[in-house]
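Subject: Handover of a structure

Dear colleague,

Please find the structure below, followed by a short account of what was found in it.

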Amino acid sequence: MDKFEECAVASKRTQMMEETRAKLIRAARKAFAVKGYAAASMDDITAEAGLTRGALYHNFGGKQGLLQAVVDQIDDEMVAKMLAVHDRAASPWEGLLDEGVVYIEMALESEVQRIMLLDGPAVLGDPSQWPNQNACLLRTAQTIQALIDEGVVKPVDAEAAARLINGAALNAALWIAAADEPRTVLPKAIDAFRQLASGLLKAEG
């Protein structure tokens, strides 16, 4: 086998692996959203994907690893929505607020509610400690620092402010997800979030 053939075989193998992972993530996402993590069996997931348990273990190490992959995928989608909202905002400050608000609003979406805010923390631990939160925290801190430099926000430690802003949005979303009547809680949570965040604004004059 020459180098060209070796590359072709390697490329095909990589493609098949990616397709296998995608099938398992798609099946797991559906099962976790409908049944919940605890009730969704690996046999159900692999049957839905048309694969074996061996494929699941090989690619994700087990059910928990598969949940992590699903969480990562949904998180990427949530970040994309937040960035889109930020880009449409009238100002960087409004963009920061709108990002937090849309994150809180996503707590009403069934997949986000069940997988990200209920089962995810129960199985994977405190969501504020998840690896993907570091990038989000850094981006928020950079936005706040820019607003401080522009004189929009009071002189405050940007990382501290970012941790509190992101933490407020996360806890608001967790509150909504766990509430008996999430839609009743939503406007209260958003109003309180906006009021808290506005305390960072520098007084005019």
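**Single residues and their helices**

Gly65 is found in helix α4, which spans residues 63-88. Helices here are DSSP runs of H or I with at least four residues, strands are DSSP runs of E with at least two, and both are numbered from the N terminus. This is a predicted model, in which local features need pLDDT of at least 70 and side-chain atom pairs count only at pLDDT 80 or more, whereas totals for chains, interfaces and linings use all residues. Residues are numbered from 1 along each chain as its sequence is written, and side-chain values use heavy atoms, with hydrogens and water left out.

Is Gly65 buried or exposed, or does it fall in between? Gly65 counts as partly exposed because its relative accessibility is 26%. (Buried means under 20% relative accessible area, exposed means over 50%, and partly exposed lies in between, with a 1.4 Å probe and protein chains only.) From C-alpha to C-alpha, Gly65 is 14 Å from Ala40, and the two are 25 residues apart in sequence.

Asn59 belongs to helix α3 (residues 53-60). Its relative accessibility is 14%, so Asn59 counts as buried. Leaving out residues up to four places away in sequence, Asn59 touches Met17, Thr20 and Arg21; contact means heavy atoms within 4.5 Å.

Ala146 lies in helix α7 and is partly exposed, at a relative accessible area of 32%. Ala146 and Ala49 are 97 residues apart along the chain, and 46 Å separates their C-alpha atoms.

**One side of helix α2**

Which residues of helix α2 (residues 42-49) are buried? They are Met42, Ile45, Thr46 and Ala49. These residues cover an arc of only 90° around the axis, and therefore lie on the same side of α2. The arc is taken from the directions from the helix axis to the C-beta atoms. An α-helix has 3.6 residues a turn, so residues three or four places apart point the same way. Just after α2, Gly50 takes a positive phi of about 70°.

**The nonpolar core**

A nonpolar core is a set of buried Ala, Val, Leu, Ile, Met, Phe, Trp, Tyr and Cys residues joined through side-chain atoms within 4.5 Å. The largest such core has 62 residues, of which Phe32 and Ile104 touch the most other members. Helix α8 (residues 158-178) gives the largest share of this core, ten residues. Beyond its neighbours within four places in sequence, Ile104 is in contact with several residues, among them Ala169, Leu186 and Phe193.

**Cavity and pocket**

Both are found on a 1 Å grid over the protein atoms alone: a cavity is a set of points where a 1.4 Å probe fits but cannot get out, a pocket is an open set with protein on both sides within 12 Å along at least five of seven lines, and lining residues have an atom within 4 Å of a point. Grid points are joined across faces, edges and corners, and a volume is the space filled by probe spheres set on the points.

How many cavities of 30 Å³ or more are there? The count comes to one. The largest cavity holds about 70 Å³ of space, and its lining includes Asp75, Tyr103, Trp130 and Leu170.

The largest pocket has a volume of about 430 Å³. It is lined by 25 residues, and the closest to its centre are Gln133, Cys136, Leu137, Asn166 and Gly167. Helix α7 provides the largest share of this lining, eight residues.

Yours sincerely
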